[in-house]
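The sequence and structure come first, followed by the points grouped by topic.

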Amino acid sequence: MLALTELGQRLRQERESKGLSLEDLQKLTKIQKRYLLGIEEGNYEVMPGKFYVRAFIKQYCEAIGLDTDAIFEEYKSDIPSTQTEDMPQQLSRVRSRKEIPQHTKGVSKAYDYLPTVLVVAGVVVVGIIIWVIAQNIVSDKNKEQANQEAPNSEVQQSNTQEETNETTAKNDNSKSEDEQSAADKKEQEKEKAEKEKAAKEKAEKEKAEKEKAEKEKKESGKQEYKEVQKTGRSATYALSGTDAFNLEVTSTQADTWLDVKNGKGNAFFSSILKKGETKEFDLTKETEARVNIGYSPGVELKVNGKAVDLPFDSSKQVRQVVTIQYQPAEAQ
């Protein structure tokens, strides 16, 4: 094994302080484990190319919460500068004649069809002019015929208009009464629907408040969370006197590795918990939960909405493992 560089030693210490293995870091960064080990040992020859060295170091720092710019400045003697790879041969070659666009041929062909296009356009314009003249002639004839028939139609229209006015007046009165009746009926139906809706909402609200009060009454004063044992960086607690087991984990200061499993080893969450992020877990059906915190400063735990202290001083014990054994109240 190669001796660690100052940068490699700094990165490894920071990774281990957060409780992360190389396998964990591989999952977070998607960088192969052998490349991560090469970074820690300063063995950059294992990288797929010189370009990747700085990129992989940057991803490594971001995954464990380090300031990339500060690291690159502090350890610039340990980090190789970016070197330009040889330009691929095909990019430096002059394009062959076949690659040169041949659009100029299309332009010359367009000029061959230009006389035909102009002839067709002229025929279309003449046709439109003839159609407009014909329409004007027909319109003039219709006007003359309408003027001849106008005197006779005026008398008929006068008599018909009087009859129409009388019929319209009767229809308007009848329509007004029907519309008023329909409007009254619609207003009554609207008021009835609003009353039914208000009554339903009130009943649902009262029911929800009652259920909430019963739940709080059932849970208040009964929940017990007590320490069972402590060893090394691990501690065990017993949760009893409640029919619910809800766990909340919040990171307020920095990103941290969080792993939550049940007593059988099945994982509910195994990844980075971002700064300011909260994860909630319903563990009511479980008898045991194991919470592995990689970086405990600023991490807050709540059990059924109540804050509980971490077992160790986070300034002295960065990584902490909390096991909670749960026994429902109804089973006691």
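K261 itself is partly exposed, at 28% relative accessibility. The model is predicted, and the structure holds eleven salt bridges.

**Salt bridges**

- E62 and K58 form a salt bridge through their side chains, with 2.6 Å from N to O.
- Both of these residues belong to helix α4 (residues 51-64), and because E62 and K58 are four residues apart there, about one helical turn separates them.
- E62 is partly exposed at 44% relative accessibility, and K58 is partly exposed at 38%.
- K76 and E73 are also paired by a side-chain salt bridge, at 3.5 Å from N to O.
- K76 counts as exposed at 55% relative accessibility, and E73 is exposed with a relative accessible area of 52%.
- R12, R15 and E40 are linked in a network of salt bridges.

**Negative patch on the surface**

- A patch of negative charge on the surface is formed by D184, E187, E191 and E194.
- One of these residues, E191, lies in helix α7, which covers residues 103-219.
- E191 counts as partly exposed because its relative accessibility is 40%, a value between the 20% and 50% cut-offs.

**Buried positions among the strands**

- S296 sits in the loop between β7 (288-293) and β8 (299-303).
- Although in a loop, S296 counts as buried, at 1% relative accessibility.
- The side chain of S296 has two partners: the backbone oxygen of V318, reached at 2.7 Å, and the side chain of Q320, with which S296 makes a polar contact at 3.4 Å.
- V260 is placed in strand β4 (residues 256-262).
- V260 is buried, with a relative accessible area of 0%.
- V260 and N292 are 32 residues apart along the chain, and 6.4 Å separates their C-alpha atoms.

**Positive phi angles**

- Most residues other than glycine have a negative phi.
- Which phi does K30 have, positive or negative? K30 has a positive phi of about 65°, although it is not a glycine.
- K30 is located in the loop between α2 (22-29) and α3 (33-41).
- K30 is exposed, with a relative accessible area of 71%.
- N304, also a residue other than glycine, has a positive phi near 55°.
- N304 is found in the loop between β8 and β9 (306-308).
- N304 is buried, with a relative accessible area of 17%, whereas K30 is exposed.

How values were computed. Residues are numbered from 1 along each chain as its sequence is written. This is a predicted model: local features need pLDDT of at least 70, side-chain atom pairs count only at pLDDT 80 or more; totals for chains, interfaces and linings use all residues. Side-chain values use heavy atoms; hydrogens and water are left out. Patches are made of residues with over 30% relative accessible area and no salt bridge: like charges are joined within 9 Å, nonpolar side chains (Val, Leu, Ile, Met, Phe, Trp, Tyr) within 5 Å. Accessible areas come from the Shrake-Rupley method with a 1.4 Å probe; for residues, only the protein chains shown count as cover. A salt bridge is a side-chain nitrogen of Lys or Arg within 4 Å of a carboxyl oxygen of Asp or Glu. Lys and Arg count as positive and Asp and Glu as negative; His and the chain ends are not counted. The place of a charge is taken as NZ of Lys, CZ of Arg, CG of Asp or CD of Glu. Helices (H or I, at least four residues) and strands (E, at least two) are DSSP runs, numbered from the N terminus. Buried means under 20% relative accessible area, exposed over 50%, partly exposed in between (1.4 Å probe, protein chains only). A polar contact is a pair of N or O atoms within 3.5 Å; within protein, one must be able to donate a hydrogen and the other to accept it, and residues adjacent in sequence count only if both atoms are side-chain atoms.
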